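Student: Could you take me through this model? I would like to begin with the helices and then move on to other topics.

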Amino acid sequence: RASLEAFAADAERILALERDIETQTVSRERLRVEIEEAERERAAVPEMDAAALAERRETSAENLARAKRRSRALEIVASALEEARRGVSGSLARRLSPLASAHLSRLTDGRYDALFFDPRSLAVTVAPAADDGERGTHALPVPERVDPRSLSQGARDLIFLAVRLALVDLVGGDEPQPLFLDDPFVHLDPDRRRLAVDLIRGFSESHQVILFTCDPSYRSAGGRLIELGV
């Protein structure tokens, strides 16, 4: 538990930072509108006697200065929150990458052996293995990073399964965690499905895995089988 305290704090901080950034963004937009209205009001002050005009202009100037000070304070807070979010996301990206990469290598039989997480957004990219024989003679040199959206649905399913397993590893550590899967391999060919089932079977030795499916081929996957009548 002690080794996971830092990650727990990171997860809570990410959620809190996201909420704070959203709140600050809304407040800054509201202040921007107030500043524009104050500037229009000051510019549209009608002709009045000197004393009234001076008072009106002074009030408008004070309102404008106050709104600008609040806007500047919010900019500073938003900048600090964004910097904190980058730090927390970067820490998660560094820890998730080796765990997810190991799972993906097994799921793809070594074809893809590296997953990368953007340290700011945690967006995922993947790199083919250097000895991948399916890349072709005119392929770009390794390591190229590939957006999962450019891959087949089956490849994307494997990538995000690897990420999901890595998250369970990271959060659970040595404590067993439940993992629920709803027919996760419907887009996989027989070879990839075999690799995925083998990995899930090994994963179930340290974590509880509950897999929902209507495919009878999973009967041979092992584990406890519960059939639900309809």
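Tutor: The expected span of a helix is 1.5 Å times one less than its number of residues. Helices (H or I, at least four residues) and strands (E, at least two) are DSSP runs, numbered from the N terminus. This is a predicted model, in which local features need pLDDT of at least 70, side-chain atom pairs count only at pLDDT 80 or more, and totals for chains, interfaces and linings use all residues. Residues are numbered from 1 along each chain as its sequence is written, and side-chain values use heavy atoms, with hydrogens and water left out.

Student: What span should helix 3 have, and how far apart are its end C-alpha atoms?

Tutor: Helix 3 covers residues 153-172, and at 1.5 Å a residue its 20 residues should span 28 Å. Its end C-alpha atoms are 28 Å apart, which agrees.

Student: Which residues of helix 3 are buried?

Tutor: Buried means under 20% relative accessible area, exposed over 50%, and partly exposed in between (1.4 Å probe, protein chains only). The buried residues of helix 3 include Leu158, Leu161, Leu165 and Val168.

Student: And the overall layout: how many helices and strands does the protein chain have?

Tutor: The protein chain has four helices and four strands, in the order α-α-β-β-α-β-α-β along the sequence. Of its 230 residues, 33% are buried.

Student: Which residues have the most contacts inside the largest nonpolar core?

Tutor: A nonpolar core is a set of buried Ala, Val, Leu, Ile, Met, Phe, Trp, Tyr and Cys residues joined through side-chain atoms within 4.5 Å. The largest one has 35 residues, and Leu104, Leu115, Phe117, Val126 and Phe185 have the most contacts inside it. Helix 3 gives the most to this core, with ten residues.

Student: What does phenylalanine 185 touch?

Tutor: Contact means heavy atoms within 4.5 Å. Leaving out residues up to four places away in sequence, phenylalanine 185 touches Leu161, Arg193, Ala196, Val197, Ile200, Leu211 and Tyr218.

Student: Changing topic, how many salt bridges are there?

Tutor: A salt bridge is a side-chain nitrogen of Lys or Arg within 4 Å of a carboxyl oxygen of Asp or Glu. By this rule there are seven salt bridges. One of them joins the side chains of arginine 70 and glutamate 34, at 4.0 Å from N to O. Arginine 70 lies in helix 2 (residues 50-107) and glutamate 34 in helix 1 (residues 5-43), so this pair ties together parts that are 36 residues apart in sequence.

Student: Are those two buried, exposed or partly exposed, and what is the relative accessibility of arginine 70 and of glutamate 34?

Tutor: Arginine 70 counts as partly exposed at 44% relative accessibility, and glutamate 34 counts as partly exposed at 31%.

Student: With what does arginine 193 form a salt bridge?

Tutor: Its partner is aspartate 215, the closest N and O atoms being 2.8 Å apart. Arginine 193 lies in helix 4 (residues 190-203) and aspartate 215 in the segment after strand 4 (208-212), so the pair ties together parts that are 22 residues apart in sequence.

Student: Which residues are linked in a network of salt bridges?

Tutor: Glu29, Arg32 and Glu36 are linked in such a network.
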